[in-house]
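Let's take a walk through a protein model together. Keep the sequence and the 3D view open while you read.

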Amino acid sequence: MEKKRQKENQTNIVSFIPTGDYYYKKSIQAMNSGQMNKAYKYLQRAVDLSPDDPMILLQLAIIELEGQRFEEAYDLLRRAYQIDKDNPEIIFYMAEVSGCIGIIHDAKRFAEQYLQIEPEGAYADEAAEILEFVDFEQDDFEELEGSAEDLYRQEQARRCMEKGDFPEAIKMLEDLIEDTPDFWSAYNNLALAYFYVGEAEQAKALLNTVLRENKGNLHALCNLTVIAYYEKNEEDLKDLLEVLVKIQPYLWEHRYKLGATLALVGQYDVAFKWLRSMQKRGYVGDAGFYFWLSHAAYFSGHEEISKSTWEQLLELDPDKEGFEPWRQEENTYSLDALEHDRDYIVDKLESDYTSERIFGLFLLSCTAHKQEIIAHPKWVDVEQFNAYEKLFLAYALGHQFDMKNKVEASFIRAVSVPEILLEQYGKLTTLIAPMFQMWFVLCEQALMNNYRFTNPAAIAGANDYLFRSSRMLKVTKKEIAQQYGVSVSTLSKYIEEILKFLPDTHN
């Protein structure tokens, strides 16, 4: 009898395993009620469960497209099109997304195909607009080399580079070049990938190959210029700049590349000419475009244009606040200020000693060369940083620390010490640089011992006193205490406290 009941219960059990269609319907319900975030999550789940359903792929692609995530939309639509090449809606959106990512010939081809299938269809007007736009702007677009498949593979490699996965990008680009030996943009991207992993000679060899086989390739010339600038190869840089400043590019892509390169290496007048010409003609750029235009404008004497352009940049990338070109000029001291000596800072960052590297990261926070140093692929290698170096890098980049967190609060008090010292002396010179070096040796040991740095002003004074005393300079505790606004007894207390963190003081 018991077995009979169990059997009856089993037949009444309904097994519920959510399918892609289930989540697709949930997403439609969410969209109808205006819950777009939920709809997006449901569609992502639907694609995971039904990766070969073209309509689910299409719907997620449309949301990605509306969010201006064009590469993600292109991936999804490409998959949907491979599954169902006759679906008019998929064909139309292939035209739309191809135009968004710059594959103009595909935008035209798919728009024409859609109108052939459905001349009176729901998207007929939009498809006609795409064709009209392509015809009107045809001369402003460079017809991209390579097939759609080649461009897709290159885009995948570019995304790997953005994620920092350079070995994978190198493999993908090498395979692409093997299949398409005259795909020059792939060579240029491969050269950049090699440069980012420290293989500068291999990068230069590839770029020179491009220039031999595809004479005058602007991207190769610009990439060689950037490498020469970072390597401080003044002779090569001079020769390359003599060529670049004579180039008269018409295509927007070339103007952008040339303008950004010239702005990076300090040729602001010519950089402004090309970037501003794009803006005047209605070019809507990415964050990088506005960053370099603002810098080129400011340092070539167009301050108002620079500031209005910077406002456009902050709308796209609020994290760039603090990198304004006029702040660089405001913070520039005299020529002997080591915080504005790029080579001095780079030497610190590349040191074998943690104390030197955190010193370099502190200087990064206040140098006029911050953006240039951060942009270099080797000078700031986050993957190799220890916990303390990551804290100093976050500080240099303007991270907002949580003062309720004991570790972060202690760190902020620690970094306040060199800030106070720099304020006292006005600038970092060769005469006082050893005092800062001493502090960062001490600071490293103190951080390792979970020291709380409770009175930064007194600690700064203690560090100053110990440094001057070690140099046999005439100084009294009373003078230092007055200078840093603390009592003599407080100064003495912190001298004793920090002495134990100096190397060999226990021997």
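Is isoleucine 498 buried or exposed? With a relative accessible area of 0%, isoleucine 498 is buried.

## Before we start

This is a predicted model, so to speak of local features we need pLDDT of at least 70, side-chain atom pairs count only at pLDDT 80 or more, and totals for chains, interfaces and linings use all residues. Residues are numbered from 1 along each chain as its sequence is written, and side-chain values use heavy atoms, leaving out hydrogens and water.

A few words will keep coming back. "Buried" means under 20% relative accessible area, "exposed" means over 50%, and "partly exposed" is in between (1.4 Å probe, protein chains only). The areas themselves come from the Shrake-Rupley method with a 1.4 Å probe, and for residues only the protein chains shown count as cover. Helices (H or I, at least four residues) and strands (E, at least two) are DSSP runs, numbered from the N terminus.

## Tucked away, and how far apart

Back to isoleucine 498, which is found in helix H28 (residues 488-499).

Now try phenylalanine 436 in helix H25. Phenylalanine 436 is buried because its relative accessible area is 0%. Between phenylalanine 436 and leucine 421 there are 15 residues in sequence and 8.2 Å in space, going from C-alpha to C-alpha. For another pair, look at glutamine 82 in helix H5 (residues 70-83).

Side chains of opposite charge can pair when their charged atoms come close. The pairing to look for here is a salt bridge: a side-chain nitrogen of Lys or Arg within 4 Å of a carboxyl oxygen of Asp or Glu. How many salt bridges does that rule give? The count comes to 10.

One of them joins arginine 109 to aspartate 106, with the closest N and O atoms 3.2 Å apart. The two sit three residues apart in helix H7 (residues 104-117), so about one helical turn separates them. Arginine 109 is partly exposed at 40% relative accessible area, whereas aspartate 106 is buried at 4%.

Glutamate 201 and lysine 204 make another salt bridge, at 3.0 Å from N to O. They are three residues apart in helix H12 (residues 200-213), so again about one helical turn lies between them. Glutamate 201 counts as exposed because its relative accessibility is 58%. Then there's lysine 238 with glutamate 242, a salt bridge at 3.1 Å, N to O. Both lie in helix H14 (residues 234-244), four residues apart, about one turn of the helix. Lysine 238 is exposed (51%), while glutamate 242 is partly exposed (40%).

## A patch of negative charge

Which residues gather in a patch of negative charge on the surface? They are Glu112, Glu120, Asp125, Glu126, Glu129, Glu132 and Asp135. Patches are made of residues with over 30% relative accessible area and no salt bridge, where like charges are joined within 9 Å and nonpolar side chains (Val, Leu, Ile, Met, Phe, Trp, Tyr) within 5 Å.

Helix H8 (residues 124-137) supplies the largest share of the patch, five residues. Aspartate 125 is found in helix H8, and it counts as exposed because its relative accessibility is 59%.

## A buried arginine

Look for arginine 255 in helix H15 (residues 252-264). Arginine 255 is buried, with a relative accessible area of 10%. A polar atom of its side chain lies 3.1 Å from the backbone oxygen of proline 249.

Most residues other than glycine have a negative phi. Asparagine 450, though not a glycine, has a positive phi of about 60°, and phenylalanine 453, also not a glycine, has a positive phi of about 55°.

Where is asparagine 450? Asparagine 450 is in the loop between helix H25 (433-448) and helix H26 (456-470), and phenylalanine 453 is in the loop between H25 and H26 too. Asparagine 450 counts as exposed at 65% relative accessibility, but phenylalanine 453 counts as buried at 1%.

Terms used: Lys, Arg positive; Asp, Glu negative; His and termini not counted. Charge placed at Lys NZ, Arg CZ, Asp CG, Glu CD. Polar contact = N/O pair within 3.5 Å; in protein donor to acceptor, adjacent residues only side chain to side chain.
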